Amino acid sequence: MPRMILASNRLPVTINIDAENGRQILTHSIGGLVAGLKPLQENSDALWVGCPGVTPNEGTRRKLSERNLVPVDVDAEEYRQYYDGYANSAIWPLFHYLTELSSFSSEQFVAYRNVNLRFAEVIAQLARPGDTVWVHDYHLMLLPRMLRKMSLDVSIGFFLHIPFPADETFRILPHRVEILRGLLGADLIGMHTYEYTDHYLRSVRRVLGIEARQGKIQMRSHSARVEAHPLGIDVRAMGNNSRSPEAESYLTQMKRTVGDRQVMLGVDRLDYTKGLLLKLRAVKRLFERSPRWADRMLYIQLAVPTREGVDAYQNLKREVEQRVSEINGVYGSPIRSPINYLYQTVGPAQLGALYRLADVCFVSPIRDGLNLVAKEYVACREDGGGVLVLSEFAGAVSELGEALRVNPWDIEGTARQLERALDMGFGERNERMSPMRSRMIQNDVHVWVKRFIASLGNPDEPVSRVPPMVQSSVLAETLSGEFSVAGKALLMLDYDGSLREFVNRFEDAEPSENIIELLTQMGSLDGVRVFINSGRDHRNLDKWFGEYPVDMIAEHGAWIRTRENPEWNTLGELQTSWKPDVAEILRNYEERTPGTRVEDKETALVWHYREADEEMGNWQAMELTSLLETSLRNEPVEVLHGNRVVEVRQQGNTKAKAYDHVVERFGPFDFALATGDDRTDEDLFNHVKNEIYTVKIGPGSSAANVALSSPSALRDLLWAMLQQKKSLR
């Protein structure tokens, strides 16, 4: 029976030594990763591989084994070089754009490689054929390739829990080639946002010279996919903790202490990526702008200890404490201080109570892979109240669009947003909080686990292959003979990007005289049916081709019009109740992204960004796709990210379905050819497999038999086939 093997730097438990008797004690770890993976590991026979903190004795090993936990033994000095050294002195600061804090040591990289290899050896001893290995985070970025080179019969997934930086920053890393190739050993590489996946793919292209097609990188032994899977939180557990008797008692006590003041809350690890000093500067500026808040607001800053043995963190602690003391000294009074600074770890109940207490949650990292604090605060606000002030450099900002966004370095702008949050009425607070909370519930950590595993092990994922690119004259020699002698022939021709070149404005793509002449002559041949099988609106197709001897299928199989029946008919029931809400979202992206247009079809809505700035358009398209997939999960629609378009269409409308209808009504055919250039055509190519001739237009992976370089090459092919058939008449 295939199993899951989880691999992370640390196990979900830590071995501590009892100071009195020297006994080893297992302590449960906390955190987003543990919360997400613990149910998966406990409710199955999944194994978890990681470092336990200290070398376990025989009794502790037995306890770990009973829990399906497998320790990786690493020498203390080598672990220090690997963890405090390369992982947290090179990768961590660089990936958070803090290049001045990065240090690169060849000795530390050797330790990093050795520990990754030790993990690989332990997993190789455990793995059975068909198992899945899921590797987590920046400590183990070499592990996927090491496992791949061992030729294990396993699926390999990797998830990065921190940002992946832009390629110009990543390329600073001396061991950049090894890191990139290490990740490419995985079948699926997951990251929190599309921005991070884009950064990774750009680095692969610039450093390794390997191109990606639609997030897929073709290796010799396998295809590596790169996808965005933002981590969720355990919403139910957060709610239970925040409403527990202990939380209620703490909340009551805190309300008495706070009195009539509003509460602003900050919850951060004491890490230089969290922007604590900038946060304090913004709070001070708020008091300078509006002194009333020094008396009417209490800012609670919880700073969770981390990496206390590292000099940079000790220096940060001293500086934060000094800044807090200075602000309280200026704006406080003998009986009341505006800032309550807590350097400690609090339990889940206390944390939940603090989230419920806080009128404003101030989350302002200078760079963060995701930031679960923002999501936890939203999840705990069942009352619909509270305001989230969120840094635009936190990965979670792409999912929490209703938060008040801030640039941490813009002290004045941040102070204004803080005051806006404090002054905000309950009505607006609820309008902002409610949709974010719904989103957190729909995309909790358990959904994250299921989606990643489903994507990693999806047996229906089409095999990634690149069809051979051929010359139109060579392909004509192959097809013309069979086409010429066929009594009944079918040509299903995609339009945009296939029969006709793309244009910036979708409404400017009317057919050229060459295309009209080609279709007229081809459609006039006895026994030949020419179908324009397009995603275009049926009104456009009617205007362009209505008077010519061709048949038409519009909107990816939703509508059909034949020469025998010039009226348009639907291929199924129309369901369009979702369109107004989707139209509002697309119009919003149209307004904030110059060079984009929204096209309204009967059964679909399309956001075109061909005229937009390439960087901006791609970024907005990825964000929009993620938003639509999340918000439309329960609607009868599909979200397609195609060639410079994002389309939302009625579910069930496909070119494959239209093909079946045509064959059933007009077939069987002695010869059939289908062409296309993008994802919507792959529905048809995968459906027919090798039953008919299929041609992909343009480069890239596809299920088609062969590929032609361009629409002009396709037109050359069709002209050659036409002339050959006419010559035999």
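This is a predicted model: local features need pLDDT of at least 70, side-chain atom pairs count only at pLDDT 80 or more; totals for chains, interfaces and linings use all residues.
H22 covers residues 579-592 and H23 residues 614-631, and the two pack at an angle of about 165° with their axes 12 Å apart. Because an angle over 145 degrees counts as roughly antiparallel, H22 is roughly antiparallel to H23. If you zoom in on the contact, Val 582, Ile 585, Leu 586, Tyr 589 and Arg 592 of H22 meet a set of H23 residues that includes Gln 620, Glu 623, Leu 624 and Leu 627.

Let's turn to the interior. In soluble globular proteins, nonpolar side chains tend to be buried together. Here the largest nonpolar core has 97 residues, and Tyr 112, Met 141, Phe 164 and Tyr 200 have the most contacts inside it. Helix H3 (residues 76-95) gives the most to this core, with 10 residues. Among the residues that Tyr 112 touches are Tyr 82, Tyr 86, Ile 91, Met 141 and Ile 179. A second, separate core holds 63 residues, including Met 238, Ala 358, Leu 372 and Val 445.

Finally, have a look at the backbone. Most residues other than glycine have a negative phi, and most peptide bonds are trans. Ser 151, in the loop between helix H5 and strand S7, has a positive phi near 60°. His 556 also has phi near 60°, and sits in the loop between strands S19 and S20. Ser 151 is exposed, because its relative accessibility is 65%; His 556 is buried at 5%. A cis peptide bond, with omega about 0°, joins Gly 667 and Pro 668. Pro 668 belongs to the loop between helix H24 and strand S26.

Conventions
Residues are numbered from 1 along each chain as its sequence is written. Side-chain values use heavy atoms; hydrogens and water are left out. Axes are lines fitted to C-alpha atoms, for helices over the stretch in contact, and angles run from 0 to 180 degrees between N-to-C directions. Helices (H or I, at least four residues) and strands (E, at least two) are DSSP runs, numbered from the N terminus. Angles under 35 degrees count as roughly parallel, over 145 as roughly antiparallel, 65 to 115 as roughly perpendicular and the rest as oblique. Contact means heavy atoms within 4.5 Å. A nonpolar core is a set of buried Ala, Val, Leu, Ile, Met, Phe, Trp, Tyr and Cys residues joined through side-chain atoms within 4.5 Å. Buried means under 20% relative accessible area, exposed over 50%, partly exposed in between (1.4 Å probe, protein chains only). Lists of a residue's contacts leave out its neighbours within four places in sequence.
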